[in-house]
Amino acid sequence: MRSQDYDRIFLSPPHLGRHELNYLHKAIEDNWVAPAGPNLDGFERDICEFTGAGHCVALTSGTAAIHLGLRLLGVGPGDEVLCPSFTFVATANPIVYLGAKPVFVDSEADTWNICPQRLREAIEDRIQQGRKPKALILVHLYGMPAKVQEVLEVTAEFEIPVLEDAAEALGSRYNGQPLGTFGAVGVFSFNGNKILTTSGGGALVTNNSEWAQKARFWATQAKDPAPYYQHSDIGYNYRLSNLLAGIGRGQMELLEDRVKKRREIHQWYKINLQTVPSLTISQTEPTGGRSNRWLTTVILDPIQTDTTPEQLRLHLESHNIESRPLWKPLHLQPLFAAAPMYGGSVCEELFTNGLCLPSGSALTEADLNRIAAATKAVIRSKEAQ
Ligand SMILES: *Cc1c(COP(=O)(O)O)cnc(C)c1O
């Protein structure tokens with residue numbers, strides 16, 4: 001660690017509690033140091049209890065969970081899968097792992113998630129071309145619930161199954177129901193920067209017991225029930241370690257507290273940055289939606305200021321404060337240059353004008369004051385220049 005790292009404010013660092021070590025200690029004492037054991041069972045139970053999902057399979061990453069989830073929905077070579085353009089690349093990569101193709105859809109301006117009208121247009125157009133989409137990946141970006149009801153009305157009408165990428169949205173709700181439980185399959189991530197972490201990890205939830213069984217089977221190399229190693233199906237090594245599941249158990253105890261803290265940080269920014277010209281604390285909750293506020297994001301209005309998000313980022317960096325650009329839309333990525341895209345101006349504009357501020361649940365009042373002071377120091381309204 002460099003000396004300057006000591007006072008660095010990170011974007012969203014891990015925030016451990018007191019009990020993770022107990023679960024780890026017990027696993028080592030009992031020799032459960034494998035991708036099987038009581039912590040793994042307990043972690044899955046904790047996730048089911050919190051979300052109300054019928055079944056949970058703990059995996060090595062959220063990406064692995066999306067991969068298995070899409071396979072459960074029957075996605076295969078040549079299929080098309082609908083996906084918002086405005087998301088992290090890990091949402092879409094598993095589509096390609098399966099030999100399928102992403103079809104991207106623009107965001108709507110309130111939640112920044114997939115636009116239900118654009119989604120309808122995309123589905124109707126693909127069907128007209130004789131290529132009915134096999135599935136939709138519904139993402140809740142930065143923890144913000146998508147317009148779930150509107151989206152599910154469209155997918156139900158066309159009978160398209162939904163995989164919910166709630167990697168950033170553990171603890172968020174819609175009409176009181178935890179996100180991740182609205183789709184046929186839901187996915188969470190426990191990567192190091194998420195609201196809870198196992199250092200690296202993920203989970204798949206579903207109410208379909210056969211699917212849960214199948215996901216577990218694929219995640220452990222798809223071994224046929226035989227005394228020797230026999231395989232009739234392709235599998236993966238995707239099962240979470242019992243050690244990491246122990247960290248997850250300790251973290252799950254803290255979920256409500258972490259959501260509360262992130263929401264308070266969001267509120268703090270809202271109050272204390274409201275006087276900054278041209279800056280808005282962005283993303284609004286849809287009717288019935290309650291975000292975990294995983295990351296607080298800001299938009300700089302280019303009509304009111306010449307300060308760009310990149311100038312703000314570099315200025316914060318000069319004060320040893322980490323911030324990040326919003327996700328670069330996937331239809332603008334060289335990787336997906338050939339993929340169809342429906343709309344695009346909403347997410348392109350958000351990407352151009354936005355920035356993620358430090359939002360970790362361990363931020364102190366002093367940290368927040370430092371971030372606010374540095375932010376205020378660099379943003380100038382046009383008339384003031
Ligand atoms: C983090 C993330 C993932 C992938 O999760 P990993 O556990 O890092 O593999 C998928 N989708 C979104 C939207 C994410 O933010």
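1. Between domain 1 and domain 2 the count is one salt bridge, a term used here for a side-chain nitrogen of Lys or Arg within 4 Å of a carboxyl oxygen of Asp or Glu. E256 forms a salt bridge with R173, and the closest N and O atoms of this pair are 3.6 Å apart.

2. On the basis of the coordinates: this is a predicted model, in which local features need pLDDT of at least 70 and side-chain atom pairs count only at pLDDT 80 or more, while totals for chains, interfaces and linings use all residues. Residues are numbered from 1 along each chain as its sequence is written, and side-chain values use heavy atoms, with hydrogens and water left out.

3. The domain assignment divides the protein chain into domain 1 (3–12 + 256–378) and domain 2 (19–255); such bounds come from an automatic or database domain assignment. The C-alpha centres of domain 1 and domain 2 lie 25 Å apart.

4. Contact, taken as heavy atoms within 4.5 Å, involves 41 residues of domain 1 and 49 residues of domain 2. About 3800 Å² is buried between domain 1 and domain 2, 62% of it on carbon and sulfur atoms. Buried area here is the accessible area (1.4 Å probe) that two parts lose on being put together, summed over both. In domain 1, the residues that lose the most area to domain 2 are W294, W327 and Y342, together 23% of what that side buries.

5. Residue pairs in polar contact between domain 1 and domain 2 number 31 (both at pLDDT 80 or more). A polar contact is a pair of N or O atoms within 3.5 Å; within protein, one must be able to donate a hydrogen and the other to accept it, and residues adjacent in sequence count only if both atoms are side-chain atoms.

6. The elements giving two or more residues to the side of domain 1 that touches domain 2 include helix 9 (255–272), strand 12 (296–300) and helix 11 (345–353). Helices (H or I, at least four residues) and strands (E, at least two) are DSSP runs, numbered from the N terminus. Helix 9 provides the largest share of that side, five residues.

7. An open sheet of eight strands has the order 1-9-8-5-4-2-3-14, with mixed pairing; two strands pair if DSSP finds at least two bridges between them. Strand 1 (55–59) and strand 14 are at the edges with a single partner strand each, so one side of each is left without a neighbour in the sheet. Strand 14 pairs with strand 3 (residues 101–105) in the parallel sense over two bridges, and M341 in strand 14 is the bridge partner of F104.

8. An open sheet of four strands has the order 10-12-15-13, with antiparallel pairing. Its edge strands are strand 10 (279–281) and strand 13 (324–325), each pairing on one side only. Strand 13 is joined to strand 15 (residues 354–357) by two bridges, and the two run antiparallel; L355 in strand 15 is the bridge partner of P325.

9. The structure holds 20 salt bridges. D233 forms a salt bridge with R71, the closest N and O atoms being 2.7 Å apart. D233 lies in the loop between helix 7 (209–219) and helix 8 (242–252) and R71 in helix 3 (residues 62–72), so the pair ties together parts that are 162 residues apart in sequence.
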